[in-house]
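Please examine the sequence and the structure shown below.

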Amino acid sequence: MNSRDDSESKEANETRFELDELIALNEEMISLVQAGIPLELGLREMGNELPDRLGKISTKLADQMERGSSLAEAMESEGARFPKVYRVIVEAGIKSGKLTVALEEMSNYAWELFHLRRQIGMAMVYPLIVFSLAYGLFLVFLFEILTRFNVAYEVFRLGEPGPLQFLNKLESTVVYWGLVPPLLLFVFVILWMRTGSSQLLNFKGTSRLIGWIPGVQKIANYYRYGNFSELMSLLIQQNIPFAESIVLAAEATGDDQLVKSANLMAERHLSAQFETGDTTKEYGWPPLLTWLLTTKNHQGELSLALKNAADMYRRKAAHYTRWFRVLFPIFTGTIIGGGTVLCYSLVLFLPFSDMLKQLANP
């Protein structure tokens with residue numbers, strides 16, 4: 001296990017940053033670097049001004065840097081507080097000599113995820129309220145209206161239909177399942193509140209919930225490809241070897257598959273293995289990115305091409321994000337809200353319509 005993995009397991013019980021806290025710290029460091037203020041001095045001042053956890057972490061980072069540690073090493077010492085992807089981005093920014101650019105790209109990506117999560121949360125509020133009200137009315141139906149249906153069927157000597165039998169079965173066993181939906185909803189809300197941590201950067205832990213939503217991973221992947229291309233372009237500009245650049249840039253995305261493919265390409269590059277159409281398919285990257293990395297061998301040419309590719313991937317991510325923000329509220333309102341209303345309507349009207357049919361028969 002390498003040092004990065006060791007630090008990931010070290011202090012695993014440490015409280016992680018919320019994503020908005022990490023963004024705030026990142027923005028402050030960008031301001032310090034742009035102003036030319038030594039980070040250790042700026043972070044110490046920030047420690048006196050920022051609230052609670054952010055202030056304490058800023059002070060700890062300043063202490064570590066005053067003892068001779070680099071920013072990346074200082075963050076490494078804090079263990080799981082800083083997500084691995086963020087620590088690698090800082091390392092890549094320092095190596096490329098463009099720390100500000102690396103931090104800005106990180107900030108833009110984090111802001112997009114932050115706003116995307118908030119948009120998803122807002123879109124789910126109305127359907128979940130509809131579900132809660134419908135479930136409450138369903139329980140009222142089982143305990144009040146269902147009894148009157150049973151009396152009516154008995155008075156008119158009608159045969160008990162399948163839907164009514166099913167509802168009577170639910171009513172007799174409500175003590176076993178009645179609390180399950182509210183508990184599931186409560187657990188979901190608790191888990192959702194925890195998705196706002198910095199783990200959202202690489203969809204680890206409870207943040208996997210957001211990654212499971214259709215369309216989110218596609219948006220995140222385009223942002224990752226954009227950040228990967230940008231960072232690798234910066235690293236190559238500083239004449240850092242191709243194999244080291246591609247692995248470091250991939251690790252900065254936090255995507256396990258991208259890291260695995262980058263390691264494979266680095267190994268083939270070091271062994272001077274010739275790439276074929278079949279071998280390039282193993283990477284699983286977009287065709288343009290794969291083509292650039294396997295054919296553009298000149299450092300300056302590859303750096304410029306990757307810079308242009310980064311802009312293209314970010315535009316694609318922004319395009320899909322706009323569509324997602326329009327379609328997701330419609331989707332949740334239709335599936336969750338509309339589905340709940342439909343089920344409740346069927347529960348109410350199926351026994352009633354069957355009663356009318358039986359009464360209409362001669």
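A residue is called buried when its relative accessible area is under 20%, exposed when that area is over 50%, and partly exposed in between. These terms are applied here to a predicted model.

The first topic is the salt bridge.

Another salt bridge joins the side chains of Arg-325 and Glu-112, at 3.7 Å from N to O. Here Arg-325 lies in helix α17 (residues 299-360) and Glu-112 in helix α7, so the pair ties together parts that are 213 residues apart in sequence. Arg-325 has a relative accessible area of 30% and is therefore partly exposed. Glu-112, at 25% relative accessibility, is likewise counted as partly exposed.

A salt bridge may also be found within one helix. The side chains of Lys-95 and Glu-91 meet in such a bridge, at 3.7 Å from N to O. Both residues lie in helix α6 (residues 84-96), where they are 4 residues apart, about one turn of the helix. With a relative accessible area of 35%, Lys-95 is partly exposed.

How many salt bridges does the model contain? The count comes to 13 salt bridges. Some charged residues are joined in a network: Glu-105, Glu-230, Lys-307, Asp-311 and Arg-314 are linked by salt bridges.

Glu-27, Glu-28, Glu-45, Glu-49 and Glu-104 form a negative surface patch. Two elements, α2 (19-35) and α3 (39-49), each give two or more residues to this negative patch. Glu-104, in turn, is found in helix α7 (residues 99-155). Its relative accessibility is 30%, and Glu-104 therefore counts as partly exposed.

Helix α2 also contains Asn-26. Is Asn-26 buried or exposed? Its relative accessible area is 2%, so Asn-26 is buried. The side chain of Asn-26 is joined to that of Tyr-86 by a polar contact of 2.7 Å.

The last topic is a nonpolar part of the surface. Val-151, Val-155, Phe-156, Phe-349, Phe-352, Leu-356 and Leu-359 make a nonpolar surface patch of about 670 Å². Which elements give two or more residues to the nonpolar patch? They are α7 and α17. The largest share, 4 residues, comes from α17. Phe-352, one of the residues of the patch, lies in helix α17. Because its relative accessible area is 37%, Phe-352 is classed as partly exposed.

Terms used. Residues are numbered from 1 along each chain as its sequence is written. This is a predicted model: local features need pLDDT of at least 70, side-chain atom pairs count only at pLDDT 80 or more; totals for chains, interfaces and linings use all residues. Side-chain values use heavy atoms; hydrogens and water are left out. Patches are made of residues with over 30% relative accessible area and no salt bridge: like charges are joined within 9 Å, nonpolar side chains (Val, Leu, Ile, Met, Phe, Trp, Tyr) within 5 Å. Accessible areas come from the Shrake-Rupley method with a 1.4 Å probe; for residues, only the protein chains shown count as cover. A salt bridge is a side-chain nitrogen of Lys or Arg within 4 Å of a carboxyl oxygen of Asp or Glu. Lys and Arg count as positive and Asp and Glu as negative; His and the chain ends are not counted. The place of a charge is taken as NZ of Lys, CZ of Arg, CG of Asp or CD of Glu. Buried means under 20% relative accessible area, exposed over 50%, partly exposed in between (1.4 Å probe, protein chains only). A polar contact is a pair of N or O atoms within 3.5 Å; within protein, one must be able to donate a hydrogen and the other to accept it, and residues adjacent in sequence count only if both atoms are side-chain atoms.
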